[in-house]
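Please prepare a short report on the fold and packing of the structure shown below.

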Amino acid sequence: HKSLEHFIRANELFAASDHLAGTAMTMNNIGNVYRLIGDSKSAHLFFDESYAIYSDLNQPEGAIQALANKSALLIDVNAFDEADEVIQKAESMATASGIDSVSLLNNKGVLFTKRKDYIAAENVLNQALSAAAPESYRSIATVNASLGNLKMERGEYEQAINFFSKALEADRAADFHVGLADDLTAIGTVYYLQKKYDLALKYFRRGIKIHALFGNQEKVASIYGMMEAAAETTGVDISITRHFVDKWTAGELMESPCK
C-alpha cells in the first residue's frame with residue numbers, strides 16, 4: 001500500500017510534465033501493486049493503459065512487459081484462454097522486435113503447468129532460466145519458484161525443494177522480503193506434503209513471520225492452518241510465533257520494514 005502511494009505520486013509528476021514513457025512505467029507498476037493486493041479489476045485497467053501508451057510510443061519492450069504482467073493476472077484468476085491470447089500477442093511482438101522476455105516465458109510456463117502440460121511447461125521454464133541475466137536475481141527467483149511449483153505438482157518433491165531453495169537464495173540476494181516469505185512457505189509446504197512435519201514447521205515459522213511483518217493477512221491465514229497442524233503433530237510449542245504473528249498482522253510493529 002505504501003508503494004502504491006509512491007507510484008501514484010510518481011505518475012502525477014510524469015503526467016504533469018507530459019512524460020509518456022514515465023507515465024506508462026508507473027501505470028505498469030501500479031498494476032503490479034493492485035495485482036499483489038488482490039484488486040484484479042484495477043490491475044487489469046492499469047496494465048491496459050500502460051500497454052496502450054507504450055504502443056503509441058513504439059516501445060515494444062515496455063508493451064511486452066505490460067502484456068506479460070496482464071497474462072500473469074489472468075492466470076491468477078484462472079482465465080487461461082484469455083491469458084493464452086495475451087501471451088501469443090506478446091510473443092508476436094517479442095519475435096518481431098528480437099526481445100527475449102523472461103517474465104513472458106515464465107508466465108507461459110506457468111500457464112502450461114496450470115493446464116497440466118508438464119513437459120511443455122518445463123521446456124519453456126528452462127528457456128526462461130537460460131534467458132535470465134546472471135544479475136537479474138528477481139527473474140531468477142521467479143523462474144526457479146515456477147519450476148519448484150511444477151515439480152511439487154508432479155510429486156517430485158526433492159527437485160521441488162532444490163528449485164525453491166535456489167529461488168530463496170536469489171530473493172535473498174535481491175533483498176526481496178515477500179519473495180523470501182513465499183519461498184520459505186513453499187519449501188515448508190513440500191515438507192508438509194512429505195509428512196516431514198518437523199522440517200515443514202521450521203520453514204512455516206520463518207515464512208509466516210515475514211508475511212505478518214508486511215501485513216499480508218491472506219498469506220498469513222493460508223499458512224496458519226498447516227503450521228498449527230505441523231505443531232500439533234510434532235508437539236512443538238509455537239506460542240511465541242503465534243504471539244508475534246498476531247501482533248505484527250494487526251500492525252503492531254516497533255520498527256516497520258517499509259520505509
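The report covers the model's basis, the overall fold and the nonpolar cores.

## Basis of the model

This is a predicted model, in which local features need pLDDT of at least 70 and side-chain atom pairs count only at pLDDT 80 or more, while totals for chains, interfaces and linings use all residues. Residues are numbered from 1 along each chain as its sequence is written, and side-chain values use heavy atoms, with hydrogens and water left out.

## Overall fold

The protein chain has 13 helices and zero strands, assigned as DSSP runs (H or I, at least four residues, for helices; E, at least two, for strands) and numbered from the N terminus. Its radius of gyration is 19 Å, close to the 18 Å of the globule rule for 259 residues, so the chain is as compact as a globular protein of that length; the radius is taken over C-alpha atoms, and the rule is 2.2 Å times the number of residues to the power 0.38.

## Nonpolar cores

Of the 259 residues, 41% count as buried, that is, under 20% relative accessible area with a 1.4 Å probe and protein chains only. A nonpolar core is a set of buried Ala, Val, Leu, Ile, Met, Phe, Trp, Tyr and Cys residues joined through side-chain atoms within 4.5 Å. The largest such core has 30 residues, and Phe164, Ile208 and Met227 have the most contacts inside it. Helices H8 (137-153), H9 (157-174), H10 (177-193), H11 (197-213), H12 (217-234) and H13 (239-249) each supply at least two of its residues. A second, separate core of 19 residues includes Tyr51, Tyr54, Ile64 and Leu104.

Leaving aside residues up to four places away in sequence, Phe164 touches Asn144, Ala145, Gly148, Asn149, Met152, Asp183, Ala186, Ile187 and Val190, where contact means heavy atoms within 4.5 Å.

Conventions: Buried means under 20% relative accessible area, exposed over 50%, partly exposed in between (1.4 Å probe, protein chains only).
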